[in-house]
Amino acid sequence: MSGPAAETPSAIQICRIMRPDDANVAGNVHGGTILKMIEEAGAIISTRHCNSQNGECCVAVLAQVERTDFLSPMCIGEVAHVSAEITYTSKHSVEVQVHVMSENILTGTKKLTNKATLWYVPLSLKNVDKVLEVPPVVYSRQEQEEEGRKRYEAQKLERMETTWRNGDIVQPVLNPEPNTVSYSQSSLIHLVGPSDCTLHGFVHGGVTMKLMDEVAGIVAARHCKTNIVTASVDAINFYDKIRKARD
C-alpha cells in the first residue's frame, strides 16, 4: 500500500532504548510506556498523511485503540522497535496498525511484544473542534479497501455500543473488606503540563493511556499483593479532549 504522494510514506518505524525509569522493580517495561510509544508512532504517520495534500493544516488525534495483547515482556536495556502503517482511510478517520518488537542489543535477538490497531481523526490547527477530511490512500489490491471498510464499520458500531456502558462509577467505601472491589479501588490525579500536550494544548492520547495503565496497575497490585504486568488492553474510546491546565 502506498500514500497518495511518493514523498508521503504510509509506514514508519521509531526506536528507543528502554531505561530504568520505564520499568517496574522487576525490570519489566511498564505497559503504559509501550502504549505511549504505540500512540506516538500512530500520531506521526497519520498526521503526516493528513497533511500530504494542499489544504488546511491539521494534527491527527487518537479516537480509538482496539484490543492489544502484551505477547512478551520488554526489559531494561532492550531496544523497542515500533512500526506503524496506515492500512485504511475513511472520509474522516485513519486506521493505523502497529507492531512492536524488542531487541536484545547484545545478542541481536528480536521478539514480537505487541500488535495494535488505532484510529485517528484530523483536527484543524485553526479550530480544534473541526474535523477535516482525510486524503485517501492507494490500495495495491481491491480486497484491502473492502476489508478495511469492514473493520471501520465494526469499530464504529463497537464505539456506539460502549458509549452507554461507560457511565458507571464505583463510589469509594470507608474501611472496605480485604479483596473486595472497594478495597483495591484507586484513583490517580495528574496535573497536565506542557510536556503532556500537543501544540493545541490538549493531552496526547498516549499520555492518557499511560495514566490509565498506571492506575490499573496500582489496583491490580493492591489486590494481588505482588508484582504485576499488563497482559492486554481492550478497546479504548476517546470521546473528548483533556486540556492543559491554565496559566
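**Side-chain contacts: a quick note**

1. Let's start with a charged pair: aspartate 69 and arginine 67 form a salt bridge through their side chains, at 3.0 Å from N to O. The term here means a side-chain nitrogen of Lys or Arg within 4 Å of a carboxyl oxygen of Asp or Glu. Aspartate 69 is partly exposed at 29% relative accessible area, and arginine 67 is partly exposed too, at 46%. (Buried is under 20% relative accessible area, exposed is over 50%, and partly exposed is in between, with a 1.4 Å probe and protein chains only.) Salt bridges also bring in Asp234, giving a network of Arg67, Asp69 and Asp234.

2. A word on provenance. This is a predicted model, where local features need pLDDT of at least 70 and side-chain atom pairs count only at pLDDT 80 or more, while totals for chains, interfaces and linings use all residues. Numbering runs from 1 along each chain as its sequence is written, and side-chain values use heavy atoms, with hydrogens and water left out.

3. The salt bridge count comes to 12. Among them is glutamate 145 with arginine 149, at 3.4 Å from N to O. These two sit four residues apart in helix H2, so about one helical turn separates them; helices (H or I, at least four residues) and strands (E, at least two) are DSSP runs numbered from the N terminus. Glutamate 145 is partly exposed at 25%, as is arginine 149 at 36%. Another bridge joins glutamate 143 and arginine 141, at 3.6 Å from N to O.

4. Now the aromatics: the whole structure has four aromatic pairs. Tyrosine 88 and tyrosine 152 have ring centres 6.2 Å apart and planes at 40°, so this pair is tilted. For reference, rings of Phe, Tyr and Trp (its six-membered ring) pair if their centres lie within 6.5 Å, with planes under 30 degrees apart called stacked, over 60 edge-to-face and the rest tilted. Tyrosine 88 belongs to strand E4 (residues 79-89) and tyrosine 152 to helix H2 (residues 142-163), so the pair ties together parts 64 residues apart in sequence. Tyrosine 88 is buried at 6%, and tyrosine 152 is buried at 17%. Ring pairs link Tyr88, Trp119, Tyr139 and Tyr152 into a cluster.

5. Last, the cysteines. How many disulfides (cysteine sulfur atoms within 2.5 Å) are there? The count is zero. For cysteine 58, the nearest cysteine sulfur belongs to cysteine 50, 4.9 Å away. Cysteine 58 is buried at 5% relative accessible area, whereas cysteine 224 is partly exposed at 44%.

Terms used: A disulfide is a pair of cysteine sulfur atoms within 2.5 Å.
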